[in-house]
Amino acid sequence: MDSLQASFDEKIANEQRIEPKDWMPDAFRKTVLRQMSQHAHSEVIGMQPEGNWITRAPTLHRKVILLAKIQDEGGHGLYLYSAAETLGTSREEMVQALHDGKAKYASIFNYPALTWADIGMIGWLVDGAAIVNQVSLQRTSYGPYSRAMIRICKEESFHQRQGYEATMVLARGSAEQKAMAQDALDRWWWPALMMFGPHDTDSAHTGQSMKWKLKRESNDVLRQRFVDQTVPQAEFIGLKIPDPELRWNEDRGSYDFGPIDWDEFMRVIAGDGPCNRQRLAHHVRAQQDGQWVRDAMHAYETKRQAREVA
Amino acid sequence: MKQQSLPLFEIFIRSKRGLDHRHVGSLHAEDHEQALEYARDVYLRRSEGVSIWVVRSSDITASQESDVASFYDPMDDKPYRHATHYKLPKEVDNM
């Protein structure tokens, strides 16, 4: 083994972060880049299901909250793209890979936000699950990724709370409102559990990522943590988790839960979820529609520089 | 003898892997390489860091403190950006 590899291994073993200018194995670079690009795309694509409700939020208060939250997601995408760019790739390459279908984003955003209750559910469950994952990733071994996660976790603390609070208002409202909240929970619960990825035994990347300390805890450990924290929250507002096999396991000190439909997961990842084509088409269109702004800014800058020289 | 003023460089030190580089001060040098060497002598005599960034001060564009009102004012009336804005019963407050 050469000395570069040895020095890399030693840093990982000693809980040191890997920084952009350090030597790193190609496979490590590729893996962390894939993970950061996927994470960045998820933040940006994740703006769509919520953006759908800005003009239809039930009150001005809910509308400004939703705007602030979506603005955060855009910012978080930017942090992550920048962290990925420390590895020598460009924003344009990453966006192109997304448009070409070579880069993925979290499959949860391929589900539609059908009612206002879905907005509460996205905050409570989807952001809740993302936070469980991101808290763990604050200790990831790639320095820029870790720092982006710390910043994101700090800013995102309001996302889950506003979602739960909005859900609580519905659950304590009229019979129709409560039914709407329950219906949204029924539709979002399982996709939220899928956010943590395949079981540890079936996960293609987990083993190596854990060795590199890019991932600090496995998919199943994180998923269980999410279930254990969320079930009492649902009970507290009188909503029912749509899982007949869900029960407290005294011995484990955790909830047992039923089997996840991995066929559905694979189908949505492969591009056949309810909104895959729509999400991507919208992103492509937004990119194209914004081209004249970038062109105008560039033209202005060119003119300004020419004036400075003159 | 001709008086010549060397360009100013701002010095940033990463004290430990995993942390951000932080601004520690500035110094004069002929070029970036020399600024790096001076920074080592001036700011790292006691192993205060593992990495140095040097940036020409003239390359830094800064906001003005006098603009602070127009920069930050719009944020003051948005308490809903903070987690504490959302009051939850104590049974579920640990979120």
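**Figure 1. Salt bridge between A:Arg277 and A:Asp272.** In this predicted model, A:Arg277 pairs with A:Asp272 in a salt bridge, and the closest N and O atoms lie 3.3 Å apart. A:Arg277 counts as exposed, at 59% relative accessibility. A:Asp272 counts as partly exposed, at 48% relative accessibility. Across all chains of the structure, a search finds 24 salt bridges.

**Figure 2. The loop residue A:Cys275.** A:Cys275 is placed in the loop between helix H11 (262-272) and H12 of chain A. The relative accessible area of A:Cys275 is 5%, so this residue is classed as buried, the cut-off for that class being under 20%. A:Phe8 stands 267 residues from A:Cys275 along the chain, and the C-alpha atoms of the two residues are separated by 42 Å.

**Figure 3. The second largest pocket and its lining.** The volume of this second largest pocket is about 680 Å³. Its lining consists of 24 residues, and those nearest the centre are A:Val44, A:His282, A:His283, A:Ala286 and A:Gln287. Two or more lining residues are given by each of four elements of chain A, namely helix H3 (47-51), helix H4 (60-85), helix H5 (91-99) and helix H12 (276-289). H12(A) supplies the largest share of the lining, with seven residues. By class, nine of the lining residues are nonpolar, 10 are polar and five are charged.

Figure 4. The side chains of A:Glu301 and A:Arg304 form a salt bridge with an N to O distance of 2.9 Å. About one helical turn separates A:Glu301 and A:Arg304, because they are three residues apart in helix H13 (residues 291-309) of chain A. A:Glu301 is partly exposed, its relative accessible area being 29%. A:Arg304 likewise counts as partly exposed, at 30% relative accessibility.

Figure 5. B:Asp77 and B:Lys78 are joined through their side chains by a salt bridge of 3.6 Å, N to O. With a relative accessible area of 54%, B:Asp77 is exposed, whereas B:Lys78, with a relative accessible area of 21%, is partly exposed. Elsewhere, A:Glu19, A:Arg147, A:Arg151, B:Arg14 and B:Asp20 are joined into one network by salt bridges that share partners.

**Figure 6. A nonpolar surface patch on chain B.** Four residues, B:Val68, B:Phe71, B:Tyr72 and B:Met75, make up a nonpolar patch on the surface. Together they have about 390 Å² of accessible area. B:Val68 is located in helix H2 (residues 68-76) of chain B. This residue is partly exposed, with a relative accessible area of 38%, and therefore passes the accessibility cut-off for patch residues, which is over 30%.

**Figure 7. Residues with positive phi in two loops.** Most residues other than glycine have a negative phi. A:Lys213, although not a glycine, has a positive phi of about 60°. The position of A:Lys213 is in the loop between helix H9 (206-211) and helix H10 (219-236) of chain A. B:Ser47, also a residue other than glycine, has a positive phi near 50°. B:Ser47 is found in the loop between helix H1 (32-43) and strand E3 (51-56) of chain B. The relative accessible area of B:Ser47 is 68%, so the residue is exposed, the cut-off for that class being over 50%.

How values were computed
Residues are numbered from 1 along each chain as its sequence is written. Chains are lettered from A and ligands numbered from 1 in the order in which they are written. This is a predicted model: local features need pLDDT of at least 70, side-chain atom pairs count only at pLDDT 80 or more; totals for chains, interfaces and linings use all residues. Side-chain values use heavy atoms; hydrogens and water are left out. Patches are made of residues with over 30% relative accessible area and no salt bridge: like charges are joined within 9 Å, nonpolar side chains (Val, Leu, Ile, Met, Phe, Trp, Tyr) within 5 Å. Accessible areas come from the Shrake-Rupley method with a 1.4 Å probe; for residues, only the protein chains shown count as cover. Buried means under 20% relative accessible area, exposed over 50%, partly exposed in between (1.4 Å probe, protein chains only). On a 1 Å grid over the protein atoms alone, a cavity is a set of points where a 1.4 Å probe fits but cannot get out, and a pocket is an open set with protein on both sides within 12 Å along at least five of seven lines; lining residues have an atom within 4 Å of a point. Grid points are joined across faces, edges and corners, and a volume is the space filled by probe spheres set on the points. Ala, Val, Leu, Ile, Met, Phe, Trp, Tyr, Cys and Pro count as nonpolar, Asp, Glu, Lys and Arg as charged, and the others, Gly among them, as polar.
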